[in-house]
Amino acid sequence: MSRPIGVNSEDTKKLIEEKAVKLFEGKGYAATSMSDIKTETQLSKGTIYYHFKNKEELYLFCIKQALNRFIHEWENEMVKEETATEKLYLWARLCSLEFHNPLLKSLSEYMISTKKEKSFVADLFKPELDVISEVMKEGIHQKEFNPDLDVKEISVILLAVIYGLYDTAFLAFNTQESKELFLKRP
């Protein structure tokens with residue numbers, strides 16, 4: 001079926017994204033086909049290919065949209081915090097939720113199946129690294145953090161540590177109460 005009459009192109013693109021995200025989350029990148037997406041959206045392949053030249057472009061669009069929503073949420077919440085330290089705690093809490101987004105967890109499988117270089121993920125997460133870098137610079141300027149810190153290096157380390165800690169911790173927690181306790185701010 002082609003695009004429904006009266007539905008604009010952006011709405012169609014959003015529908016494709018929503019359905020594709022559910023498939024990528026459930027089946028992973030490699031096991032999801034454009035035919036699956038066609039079936040889920042009930043759109044013609046031509047309509048889907050009008051918006052996305054292939055599955056990889058669609059997948060990366062979905063990933064970037066998820067990361068953009070995270071940054072938008074961060075920007076909305078960050079203004080409520082006064083210190084750089086408080087902003088880092090907020091960032092860690094938001095990351096703990098975002099890193100467990102099933103779509104983002106499919107990145108490893110995507111990288112393996114497409115043989116992407118590790119630098120590819122670094123490029124995807126550059127906006128996150130920029131957020132951390134800005135908070136670190138603010139903390140140095142406000143004399144909360146040591147002025148001798150290498151901002152870029154610390155930002156990479158913080159992103160890796162938070163990602164690793166939450167991955168490890170969430171494997172051990174199997175109840176919502178345990179997860180909430182773990183995420184509770186000091």
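Hi everyone, let's start with the fold: the protein chain has 11 helices and zero strands, where helices are DSSP runs of H or I with at least four residues, strands are E runs of at least two, and numbering goes from the N terminus. Along the sequence, the pattern reads α-α-α-α-α-α-α-α-α-α-α.

A quick word on the source. This is a predicted model, where local features need pLDDT of at least 70 and side-chain atom pairs count only at pLDDT 80 or more, while totals for chains, interfaces and linings use all residues. Residues are numbered from 1 along each chain as its sequence is written, and side-chain values use heavy atoms, with hydrogens and water left out.

Now the chain as a whole. Of its 186 residues, 39% count as buried, meaning under 20% relative accessible area, with exposed being over 50% and partly exposed in between, using a 1.4 Å probe on protein chains only. Among contacts with a separation of 6 or more, 66% join residues 24 or more positions apart; a contact means heavy atoms within 4.5 Å.

Let's turn to helix 4. Which helices does it pack against? One is helix 5: helix 4 (residues 55–78) and helix 5 (residues 84–98) pack at about 150°, with axes 11 Å apart. That makes the two roughly antiparallel, a label for angles over 145 degrees, whereas under 35 is roughly parallel, 65 to 115 roughly perpendicular and the rest oblique. On the helix 4 side, the contact residues include Phe70 and Trp74, and on the helix 5 side, Leu90 and Trp91. By class, this contact has eight nonpolar, no polar and four charged residues; Ala, Val, Leu, Ile, Met, Phe, Trp, Tyr, Cys and Pro count as nonpolar, Asp, Glu, Lys and Arg as charged, and the others, Gly among them, as polar.

Another partner is helix 9 (residues 126–141), whose axis comes within 10 Å of that of helix 4 and crosses at roughly 20°. Helix 4 and helix 9 are therefore roughly parallel. Here Phe70, Ile71 and Trp74 of helix 4 meet Pro127, Glu128, Val131 and Val135 of helix 9. That contact divides into six nonpolar, no polar and one charged residue.

Finally, two loop residues. Most residues other than glycine have a negative phi. Gln42, however, has a positive phi near 60°, and sits in the loop between helix 2 (34–41) and helix 3 (45–51). Lys143 has a positive phi near 65°, in the loop between helix 9 and helix 10 (151–172). Are they buried or exposed? Gln42 is exposed at 55% relative accessibility, and Lys143 is exposed at 72%.

Methods:
Axes are lines fitted to C-alpha atoms, for helices over the stretch in contact, and angles run from 0 to 180 degrees between N-to-C directions.
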